[in-house]
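Hi,

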Amino acid sequence: MLCYPDRRSALRAGAAAAVGALTAACGTGSRTPAGPPAEPASATPAPVRAAAAPRRFPDQPDEIAHGPRDRPRVALTFHGNGDPAIARAVLSEAERAGARVTVLAIGSWLDAHPDMARRVLDGGHELGNHTQRHLAINDMPEAEAYAEITGCAQRLKRLTGSIGTWFRPSQTQYATPLVKELARRAGYPHVLSYDVDSLDFTSPGAAAVIRTVTGTIHGGSVVSLHFGYADTVDAMPPLLEELARRKLRAVTTTELLTS
Ligand SMILES: [Zn+2]
């Protein structure tokens with residue numbers, strides 16, 4: 001059974017609680033240090049995980065749609081936007097299964113939910129740039145398209161110390177030559193495409209998301225998924241189980257490309 005009504009209810013309740021907490025504690029740091037309760041006050045705080053900067057992979061094209069086909073690894077990559085309760089639920093499901101994912105965050109989402117940048121990195125995942133406003137970047141004039149890339153880059157830099165490990169263009173699977181050039185100018189040697197489209201953003205139901213992904217995924221695949229949709233949360237546990245059954249490890253995009 002692939003439908004989890006309880007999970008949905010829990011999500012809704014979580015979202016409502018999150019909204020309540022935001023209104024009640026506006027502007028205060030919402031993250032309290034986790035740590036075991038008995039930890040002495042003098043203990044050194046856990047080091048803040050720094051976001052990795054973009055790097056060039058000499059063997060890879062300027063637009064990467066998949067990794068090596070001869071290794072049993074895949075990258076689950078997420079459009080970072082929408083209800084943070086859903087984003088947190090997706091990340092938790094990934095972590096429960098030992099998976100690491102790549103989150104391409106929209107700048108305006110980070111403006112609204114700056115703590116999500118840290119949440120992603122704290123889970124051992126990768127964080128990247130998915131433009132400032134998620135407009136149809138391939139159709140924009142050069143200066144505007146560049147501002148979309150650098151706007152999000154600046155926010156990532158401020159929040160994490162890096163402009164993000166990856167850049168993915170908005171509203172398109174493939175970047176135009178101009179957008180690739182602008183991404184390079186902004187500091188991203190590659191743009192990150194994908195070869196498996198989960199179509200989760202069409203809300204087809206979790207079972208359909210799983211079918212679509214498992215029907216086409218194989219070693220080296222980069223899968224496009226989205227935060228912001230309950231189907232994606234519901235699809236995660238069975239999808240990760242199926243990947244494990246096929247001995248496909250879900251790793252970060254950098255791991256996918258690194259031997
Ligand atoms: Zn997107």
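Leucine 199 is partly exposed, because 16 other C-beta atoms lie within 10 Å (a residue is buried with 20 or more other C-beta atoms within 10 Å of its own, exposed with 12 or fewer and partly exposed in between, the C-beta atoms being placed from the backbone). You'll find leucine 199 in the loop between strand 6 and helix 7. Its phi is near 55°, a positive value in a residue other than glycine.

Before going further, two bits of housekeeping. This is a predicted model, where local features need pLDDT of at least 70 and side-chain atom pairs count only at pLDDT 80 or more, while totals for chains, interfaces and linings use all residues. Residues are numbered from 1 along each chain as its sequence is written.

Now the overall picture. The chain has nine helices and eight strands (DSSP runs numbered from the N terminus, with H or I and at least four residues for helices, E and at least two for strands). Of its 259 residues, 42% are buried. Take the contacts with a separation of 6 or more: residues 24 or more positions apart account for 81% of them (a contact means C-beta atoms, placed from the backbone, within 7 Å).

Back to the loops. Histidine 134 also has a positive phi, near 60°, in a residue other than glycine. Histidine 134 sits in the loop between strand 4 (126-129) and helix 5. Is histidine 134 buried or exposed? Histidine 134 is buried, since 20 other C-beta atoms lie within 10 Å.

Serine 193 is in the loop between strand 5 (191-192) and strand 6 (196-197), and counts as partly exposed because 19 other C-beta atoms are within 10 Å. Setting aside neighbours within four places in sequence, serine 193 touches Glu63, Ile64, Ala65, Gln173 and Tyr174. From serine 193 to threonine 172 is 21 residues in sequence and 8.7 Å in space, C-alpha to C-alpha.

On to helix 7 (residues 206-216), whose buried residues are Ala206, Val209, Ile210 and Val213. They span an arc of only 95° around the axis, so they are on the same side of helix 7 (the arc is that of the directions from the helix axis to the C-beta atoms). What do the buried residues of helix 7 pack against? Their partners are strand 6, strand 7 (222-226) and helix 8 (230-245).

The axes of helix 7 and helix 8 come within 8 Å and cross at roughly 45° (axes are lines fitted to C-alpha atoms, for helices over the stretch in contact, and angles run from 0 to 180 degrees between N-to-C directions). Helix 7 and helix 8 are therefore oblique to each other (under 35 degrees counts as roughly parallel, over 145 as roughly antiparallel, 65 to 115 as roughly perpendicular and the rest as oblique). From helix 7, Ala206, Val209, Ile210, Val213 and Thr214 meet Asp231, Thr232, Asp234, Ala235, Pro238, Leu239 and Glu242 of helix 8. The residues of this contact divide into seven nonpolar, two polar and three charged (Ala, Val, Leu, Ile, Met, Phe, Trp, Tyr, Cys and Pro are nonpolar, Asp, Glu, Lys and Arg charged, and the others, Gly among them, polar).

Helix 6 (residues 177-186) is worth a look too. Its buried residues are Val179, Lys180, Leu182, Ala183 and Ala186. Those fall within an arc of 160° seen down the axis, so they line one face of helix 6. On the face turned away from that buried side are the exposed residues Pro177 and Arg185. Among what covers the buried residues of helix 6 are strand 1 (63-64), helix 5 (142-160) and strand 5. After helix 6 comes glycine 187, with a positive phi near 115°.

How do helix 5 and helix 6 pack, and at what angle? The angle is about 40°, with the axes 10 Å apart, which means helix 5 is oblique to helix 6. Helix 5 contributes Glu142, Ala145, Tyr146, Ile149, Thr150 and Ala153, and helix 6 contributes Leu178, Val179, Leu182, Ala183 and Ala186. By class, the contact of helix 5 with helix 6 has nine nonpolar, one polar and one charged residues.

Cheers

Conventions. Two residues are in contact if their C-beta atoms, placed from the backbone, lie within 7 Å.
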